[in-house]
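Hi,

Here is the structure I promised to pass on.

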Amino acid sequence: MSLSLWERVREAAGCPLSVIFVLTNRCNLRCPHCYCPKPETDELSTGEVSQLLQQMKDAGVFRVTFTGGEPLLREDLLELVAEAHRLRFIIHLKTNGTRIVDGMAARLRDLGLTSMDVSLYSVNKDAHDRFVGAEGSFDAAVNAADAFWAAGGDVQVNMTIMNWNAREVPLMLDLCAAHGWKCGIDGRMTATQQGDAAPLQYQASLDTLAPAIEAQLHRGILSLDGMASCIRSGEEQVCSAGIEAVVILPDGEVWPCLTLPWSMGNVRHTPFRNIVVNSPVVERIRNIRWADSPACVTCDVAGLCNRCPAEAFRAHGDEKGFTPTDCLLAEARARAMGLPRDRGR
Amino acid sequence: MENMRYEINPRIAYRKIDGRMVIVNPQNDEMMTLNETGSLIFERIGTMSVDAIVNELRNLFEVEAFQAQQEVDAFIRTMVDEGLVVPCP
Ligand code: SF4
Ligand code: SF4
């Protein structure tokens, strides 16, 4: 199998080329499905983050995504964006948009921010505000997205679909198209980072997910052809957590993925490069193969499946298994594509 | 082009990995790797004029002025076309 240029450069650098940087767990909204823990943490200081950005640059990292919680609750966010820009990162920001007021969007763009992801749960402002628990949030998010787009930045609106809002997917696609934003639709709920399964009650059902996916296929904003034609070899790795990207948590802990609670080390005690290069945690992830779950070997929708080891680990303490959510999502994709099912799992 | 100065597009990301310059343009998410000469020229854009870069190339690789000039011009033209390098105002 030939490697892409990104993969070859990653091999040469010996480290992931992307970092998801959770700057804070604090948030001013109260979305009930949130996976992020609410307790305050001993956050890395401005100086610690700046030092770490330098270490990431030296290791070969190109992209940094500042997220939270709500990253704008950090007083030093502008300073950190400017520093990341000085160090020549491609910088993404994931925000609820409510703190991006009074010229802040243009300022972020001037300081070097490449793109901004804003979360919207409904095209109906009252429904969105009710869900996130704060009046005015919808208008603030839309204004933030518009202002950043007008300043020349890329904007993506992310919508997590649940049974109550999935029917709005075509309307959300219309809204995004009208404003020039990209639209990302996500159908998977995950347990919280502390392992609380409460958010899973919001997982959309098969009957809701399939039409929502179908709407994206119709508009051409999603294509599953590549996945559908993919034949999984039993030896194929299941996921690339810790390989393509790693996550840095507010207190400096490094995880392979936002939902996989395996500590690779802490940047407060160990330089970034020493944590990510030859990490035993990443080795453990590399060893998760499709054939580890016999049901997946004979499954007729395996090509359409993004089996998630983190969810399996949280549900059964075994990263080599799968969860009903994996099967639900693969099944929904198959149904959205109108694929005949000829074999059961 | 000789006395002109160029600068690296401030919105692109680049890293030196294994002795070679690797560039990513966030506009199209495309990655490009430069060879040894390209890396050398790229690293000097922004701090040296085209003339100075040509001179350095001549000294380092012991090539004729004309050949060095052609290589630097062609490289910079490609970089400008790709939006990776911009003329200094
Ligand atoms: S499949 Fe699961 S563990 Fe792997 S990167 Fe995705 S969310 Fe993380
Ligand atoms: S749909 Fe379920 S059984 Fe099929 S490959 Fe995915 S996790 Fe395995």
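In this predicted model, chain A has an open sheet built from 9 strands, in the order S6-S5-S4-S3-S2-S1-S7-S8-S9, with mixed pairing. At the edges sit strand S6 (182-186) and strand S9 (265-266) of chain A, each of which pairs on one side only. If you want one pairing to look at, take strand S4 (residues 115-119) and strand S5 (residues 154-160) of chain A: the two run parallel and are joined by 5 bridges. In that stretch, Val118(A) stands opposite Val157(A) of S5(A).

Next, the salt bridges. Searching the whole structure gives 19 of them over all chains. One is between Glu43(A) and Arg74(A), with 3.9 Å between the closest N and O atoms. Glu43(A) is in the loop between strand S1 (18-22) and helix H2 (46-59) of chain A, while Arg74(A) is in the loop between strand S2 (63-67) and helix H3 (77-86) of chain A, so this pair ties together parts that are 31 residues apart in sequence.

Now for where the two chains meet. On the chain B side, 17 residues are in contact with 21 residues of chain A. The area buried between chain B and chain A comes to about 1600 Å², and carbon and sulfur atoms give 60% of that. Within chain B, the residues that lose the most area to chain A are Arg11(B), Arg15(B) and Met31(B), which together make up 44% of what that side buries.

Arg63(A) forms a salt bridge with Asp29(B), where the closest N and O atoms are 3.0 Å apart. There are also 8 residue pairs in polar contact between chain B and chain A, counting pairs with both residues at pLDDT 80 or more. Three strands of chain B, namely S2 (13-17), S3 (20-25) and S4 (30-33), each supply at least two residues of the side that touches chain A. S2(B) gives the most to that side, with 4 residues. By class, the residues on the side of chain B that touches chain A split into 11 nonpolar, 2 polar and 4 charged.

Last, the ligand. Around ligand 1 you'll find Cys239(A), Ala241(A), Cys257(A), Thr259(A), Arg307(A), Cys308(A), Pro309(A) and Ala310(A). That shell has 6 nonpolar, 1 polar and 1 charged residues.

Cheers

How values were computed:
Residues are numbered from 1 along each chain as its sequence is written. Chains are lettered from A and ligands numbered from 1 in the order in which they are written. This is a predicted model: local features need pLDDT of at least 70, side-chain atom pairs count only at pLDDT 80 or more; totals for chains, interfaces and linings use all residues. Side-chain values use heavy atoms; hydrogens and water are left out. A residue is near a molecule or strand if one of its heavy atoms lies within 4 Å of it. Ala, Val, Leu, Ile, Met, Phe, Trp, Tyr, Cys and Pro count as nonpolar, Asp, Glu, Lys and Arg as charged, and the others, Gly among them, as polar. Contact means heavy atoms within 4.5 Å. Buried area is the accessible area (1.4 Å probe) that two parts lose on being put together, summed over both. A salt bridge is a side-chain nitrogen of Lys or Arg within 4 Å of a carboxyl oxygen of Asp or Glu. A polar contact is a pair of N or O atoms within 3.5 Å; within protein, one must be able to donate a hydrogen and the other to accept it, and residues adjacent in sequence count only if both atoms are side-chain atoms. Two strands pair if DSSP finds at least two bridges between them.
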